[in-house]
Amino acid sequence: MYVVGLTGGIGSGKSEAARLFAELGVPIVDVDIISHELTASGQGTLEEITQVFGKDMLNSDGSLNRAALRQKVFADREARKKLETILHPAIYNKAMEALNKNATAPYQVLAIPLLFESDRYLKIINRSLVIDSSPEMQISRASKRDGLSESDIQKIIDIQIPREKRNALADDIILNDGLIEELKEKIKRVHEKYINTCVIDNSNP
Ligand code: ADP
């Protein structure tokens, strides 16, 4: 099994990059998607969240009020820790399950916003790839996508690992400062490199 950890700050273009890898036939395991699935209506994890944070965290249809939960954990460090204790082990187990299912692929991509903050994921990846963008671009892309204010996005950027530190830790960096077409070309190039690297690595277990 050869795993490339795909990361980057909010709005850097991780999901776009993951989509482009998927177009090239690379299996993607996305920690954000797993987190959404685990907190969908009827999931045990959602029940745990409402037990700890109260029914205020639910919409009237019983689904998770993600905005309310986000608000709560940004304002309160302890609450953030509690949420992490509920979510992180469940997400990790699901991610490992999914990675194991794709084990025969030449390589696969694990998309994870907080890769360098998460020791357990760092242990299982073979390489890290950072999608890098300027903070101005992160803010403009993410605010358009999420309908959040500039200051809300800035708050998220501020609790993530600083750009310079993230880039210093990366094995590979793709600067996503142009058109999607340019990102596509860069992903293609790195894909070819991974295909060559993982062939060597997979034959030396
Ligand atoms: P992340 O997953 O890192 O938070 P996304 O991949 O969702 O970021 O990108 C944020 C938004 O910016 C999305 O709406 C995406 O389509 C858009 N986007 C990403 N890269 C580019 C680009 N190179 N040009 C134009 N829009 C982009």
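Predicted model: local features only at pLDDT ≥ 70, side-chain atom pairs only at ≥ 80, totals over all residues.

Me: How much space lies in the largest cavity?

Reply: A search of the whole structure with a cut-off of 30 Å³ or more turns up one cavity. The space in the largest cavity comes to about 30 Å³.

Me: How do the residues lining the largest cavity divide into nonpolar, polar and charged?

Reply: The lining consists of G8, G9, S12, I131, D132, S133, Q138, R163 and R166. Both β4 (127-132) and α9 (163-169) supply at least two of its residues. By class, the lining splits into one nonpolar, five polar and three charged.

Me: And the largest pocket: which element gives the largest share of its lining?

Reply: That pocket holds about 1900 Å³ of space. Its lining has 49 residues, with D32, P113, L114, I156 and Q160 nearest the centre. Elements giving two or more residues include α1 (14-23), α2 (31-38) and α4 (66-75). The largest share, nine residues, comes from α5.

Me: How many residues of that pocket's lining are charged?

Reply: The lining of the largest pocket includes 23 nonpolar residues and 11 polar ones. The charged residues in that lining number 15.

Me: Back to α5. How far apart are its end C-alpha atoms, and what span should its 25 residues have?

Reply: Helix α5 covers residues 77-101, and at 1.5 Å a residue its 25 residues should span 36 Å. The expected span is 1.5 Å times one less than the number of residues. That agrees with the distance between the end C-alpha atoms, which is 35 Å.

Me: Where does α5 bend?

Reply: The angle here is taken between axes fitted to the seven residues ending at a residue and the seven starting there. For α5 the bend is about 30°, and it sits at E84.

Me: Is L38 buried or exposed?

Reply: L38 has its place in helix α2. Buried means under 20% relative accessible area. The value for L38 is 7%, so L38 is buried.

Me: How far apart in space are L38 and K101, C-alpha to C-alpha?

Reply: In sequence, L38 and K101 are 63 residues apart. In space, their C-alpha atoms are separated by 18 Å.

Technical notes
Residues numbered from 1 in each chain as written. Heavy atoms only, no water. Helix = DSSP H or I, 4+ residues; strand = E, 2+ residues; numbered from the N terminus. 1 Å grid on protein atoms, 1.4 Å probe; cavity = no way out; pocket = protein on both sides within 12 Å on 5 of 7 lines; lining within 4 Å. Points joined across faces, edges and corners; volume = space filled by probe spheres on them. Nonpolar A, V, L, I, M, F, W, Y, C, P; charged D, E, K, R; others polar. Buried < 20%, exposed > 50% of the residue type's maximum accessible area, 1.4 Å probe, protein only.
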